[in-house]
Amino acid sequence: MAANVRATFLRISLGAELTRLREQAGLTGDQAARKVGCAPSAISRVESGTSGFQRIEQFARLLDAYDVSRQNAAVLTDWYKNAKREDWWAPIGSVLPSGLSTFLAFESGARRIQVWTPMVVNGLFQTEEYAEALIEGARIADDRTAEFVESAVKVRMNRKKRITEDGMKLVCIMDQSALTNMVGGLDLMRAQYEEIKKLSALPNVTLRFIPAKAPAYRVLSGEFQILDFDLKELPGPVVASTTVAGETRVLSKERPVRQFIRRFDVLAQGALPVHDTPAFIDQVAREVEKEHA
């Protein structure tokens with residue numbers, strides 16, 4: 001990877017993770033440079049996202065110096081190779097022990113997220129039991145291990161801290177099917193409804209629903225997120241769009257980002273007013289109770 005290539009979102013995210021790993025390893029920039037065999041300024045440039053190493057072997061030595069696991073190193077190396085690109089694909093199947101994941105990297109720096117989630121409850125609103133039942137239900141189809149399910153649930157619960165503790169602004173639109181699609185049974189769904197109402201009452205959270213009977217526009221290709229950032233050095237907004245194959249396409253070019261912003265605006269036009277959200281959840285909950293009585 002050539003040096004002095006302008007920073008992209010992925011490169012900046014990678015630099016932030018490398019900084020965290022270096023500090024976790026208890027190394028200064030000078031010490032890391034000696035282990036890699038490069039100038040300290042090279043470590044600084046990589047961590048700031050302004051350039052890469054002259055040779056990828058130096059990046060591999062850096063990961064070794066930070067005692068990064070093979071699984072984590074594979075993902076970080078993929079980030080490194082793709083960091084010059086504006087748009088890229090990343091698998092979201094792996095849940096990394098270090099806490100590194102595509103969505104966490106985005107959310108950790110986001111000031112505000114606008115998200116559309118069809119079919120299931122958005123991850124930031126899920127109870128631990130709902131998340132476990134949802135991920136466990138897909139385990140056989142996705143060929144995952146029980147360990148994966150446990151790790152994935154932990155990551156999802158940690159993500160909720162962005163709205164419950166960090167105060168990140170969240171504007172979320174879901175369709176009614178997120179409330180009516182049964183996950184884990186009636187008792188679990190009752191608890192999930194209450195969790196949604198509790199979180200939607202937070203001052204930094206806006207939640208709206210599109211009723212099933214509404215002849216409104218819906219995006220059928222999967223969930224997408226529009227992320228805005230405070231940091232001036234980060235390009236933005238950025239869009240993370242999830243596919244049914246379990247991949248995330250990250251877009252930062254102006255034209256496709258604007259297209260997703262338009263989509264979200266049109267979705268909002270078909271959604272109920274935010275003040276109707278609690279009553280709508282209660283109404284749907286009663287209908288689900290009656291149907292499964």
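Trainee: Which residues touch the most other members of the largest nonpolar core?

Mentor: Keep in mind that this is a predicted model. The largest nonpolar core has 34 residues, and Phe125, Leu170, Met174 and Leu179 touch the most other members. Among the elements giving two or more residues to this core are strands E2, E3 and E4, along with helices H11 and H14. The top contributor is H12, with six residues.

Trainee: What does Leu179 touch, leaving out residues up to four places away in sequence?

Mentor: Leu179 touches Met189, Tyr193, Ile196, Phe209, Phe280, Ile281, Val284 and Val288. There is also a second, separate core of 21 residues, which includes Leu27, Val36, Val46 and Trp79.

Trainee: Why is Asp228 called buried?

Mentor: Buried means under 20% relative accessible area. Asp228 comes out at 13%, so it counts as buried. Asp228 lies in strand E5, and among the residues it touches are Arg111, Arg112, Gln114 and Pro237.

Trainee: And Leu63, why is that one buried?

Mentor: Same cut-off, under 20%. Leu63 has a relative accessible area of 3%, so it is buried. Leu63 sits in helix H4 and touches Leu18, Val68, Ala73, Leu76 and Thr77, not counting residues up to four places away in sequence.

Trainee: How do H4 and H5 pack, at what angle and with their axes how far apart?

Mentor: The angle is about 145°, and the axes are 11 Å apart. The crossing is right-handed. On the H4 side, Ile56, Phe59 and Leu63 meet Ala73, Leu76, Thr77, Tyr80 and Lys81 of H5.

Trainee: What classes of residue make up that contact of H4 with H5?

Mentor: Six nonpolar, one polar and one charged. Lys counts as charged, so Lys81 of H5 is the charged one.

Trainee: How does the reach of H9 compare with the span expected for it?

Mentor: H9 runs over residues 146–159, 14 residues in total. The expected span takes 1.5 Å times one less than the number of residues, so the count matters. From first C-alpha to last, H9 reaches 20 Å, close to the 20 Å expected.

Trainee: Which residues of H9 are buried?

Mentor: Phe148, Val149, Ala152, Val153, Val155, Met157 and Arg159. As for spacing in general, an α-helix has 3.6 residues a turn, so residues three or four places apart point the same way.

How values were computed:
Residues numbered from 1 in each chain as written. Predicted model: local features only at pLDDT ≥ 70, side-chain atom pairs only at ≥ 80, totals over all residues. Heavy atoms only, no water. Axes fitted to C-alpha atoms, helices over the stretch in contact; angles between N-to-C directions. Helix = DSSP H or I, 4+ residues; strand = E, 2+ residues; numbered from the N terminus. Left-handed = near helix turned anticlockwise from the far one by under 90°. Contact = heavy atoms within 4.5 Å. Core = buried A, V, L, I, M, F, W, Y, C linked by side-chain atoms within 4.5 Å. Buried < 20%, exposed > 50% of the residue type's maximum accessible area, 1.4 Å probe, protein only.
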